[in-house]
Amino acid sequence: MKFQTPYYAVIFTSKHSEMIEGYAEMATKMEDLAKEQNGFLGMESAKNDIGITVSYWSSLDAIKQWKQHTDHLIAQKQGRKDWYAWYKVRICKVERDYEFNSIT
C-alpha cells in the first residue's frame, strides 16, 4: 500500500477474552463499513496470540468520525463486554514510508 504522506495510522493491538462468539462476523462487518468511510485509505491485520490491526486514514477528523460511527460504537461496546481481555489504540502521523518488495 502506498499513500500520499502525511497520513495517519490507527494501531489497534488486542488480546481476546475466552468469549469470541460473533467476533469474526462483527470484525468483517466493521472492516467493510470502514472501507466506506470518507478518509479511509486501507487496512492491514495480523493475528496470533496478540492481534494487531492497522488502519490508515487521510486525517485525524476522518479517524474521529469513524470512532463515533453508530455501528462502530456498538461494536466497541460489545468488544469491551465480550471479546477483548485487553486492547490498546495508538494514533500516529506517518511522515514518510517506503518498502521492499520482491514479489512479482
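This is a predicted model: local features need pLDDT of at least 70, side-chain atom pairs count only at pLDDT 80 or more; totals for chains, interfaces and linings use all residues.
Residues are numbered from 1 along each chain as its sequence is written, and side-chain values rest on heavy atoms, with hydrogens and water left out.

The secondary structure comprises three helices and four strands, where helices (H or I, at least four residues) and strands (E, at least two) are DSSP runs numbered from the N terminus. The order of these elements from the N terminus is β-α-β-β-α-α-β. The C-alpha trace spans about 40 × 30 × 25 Å along its principal axes. Among contacts (heavy atoms within 4.5 Å) between residues at least 6 apart in sequence, 74% join residues at least 24 apart. In the segment before strand 1 lies Pro6, and the peptide bond from Thr5 to Pro6 is cis, with omega near -5 degrees.

In soluble globular proteins, nonpolar side chains tend to be buried together. A nonpolar core is here a set of buried Ala, Val, Leu, Ile, Met, Phe, Trp, Tyr and Cys residues joined through side-chain atoms within 4.5 Å. The largest such core holds 15 residues, of which Met26, Met30, Ala34, Trp57, Ile63, Trp66 and Trp83 touch the most other members. Strand 1, helix 1, helix 2 and helix 3 each give two or more residues to this core, and helix 1 provides the largest share, five residues. Apart from this core lies another, of six residues, including Phe3, Tyr7, Val54 and Val94. Beyond its neighbours within four places in sequence, Trp57 is in contact with Tyr7, Tyr8, Val10, Ala34, Gln37, Asn38, Gly39, Phe40, Leu41, Ala62, Ile63 and Trp66.

Grid points are joined across faces, edges and corners, and a volume is the space filled by probe spheres set on the points. The largest pocket contains about 770 Å³ of space. Its lining consists of 28 residues, and those closest to the pocket centre are Phe12, Met30, Trp66, His72 and Tyr84. At least two lining residues come from each of strand 1 (7–16), helix 1 (23–35), strand 2 (40–47), strand 3 (51–57), helix 2 (60–67), helix 3 (70–83) and strand 4 (84–94). Helix 1 contributes the most, with eight residues. The lining divides into 17 nonpolar, seven polar and four charged residues; Ala, Val, Leu, Ile, Met, Phe, Trp, Tyr, Cys and Pro count as nonpolar, Asp, Glu, Lys and Arg as charged, and the others, Gly among them, as polar.

One cavity of 30 Å³ or more is present. The largest cavity has about 40 Å³ of space and is lined by Phe12, Ser14, His16, Tyr23, Lys47, Gly51, Ile52 and Thr53. Strand 1 and strand 3 each supply at least two residues of this lining, which has three nonpolar, four polar and one charged residue.

Leaving aside residues within four places in sequence, Leu41 is in contact with Phe3, Tyr7, Tyr56, Trp57 and Ser58. The C-alpha atoms of Leu41 and Tyr7 are 8.9 Å apart, although 34 residues separate the two in sequence. Arg90, in strand 4, counts as partly exposed because its relative accessibility is 34%. Residues up to four places away not being counted, Arg90 touches Ala9, Val10, Ile11 and Thr13. Met19 is placed in the loop between strand 1 and helix 1 and, at 37% relative accessible area, is partly exposed. Met19 and Lys81, 62 residues apart along the chain, have C-alpha atoms separated by 9.6 Å.

Key. On a 1 Å grid over the protein atoms alone, a cavity is a set of points where a 1.4 Å probe fits but cannot get out, and a pocket is an open set with protein on both sides within 12 Å along at least five of seven lines; lining residues have an atom within 4 Å of a point. Buried means under 20% relative accessible area, exposed over 50%, partly exposed in between (1.4 Å probe, protein chains only).
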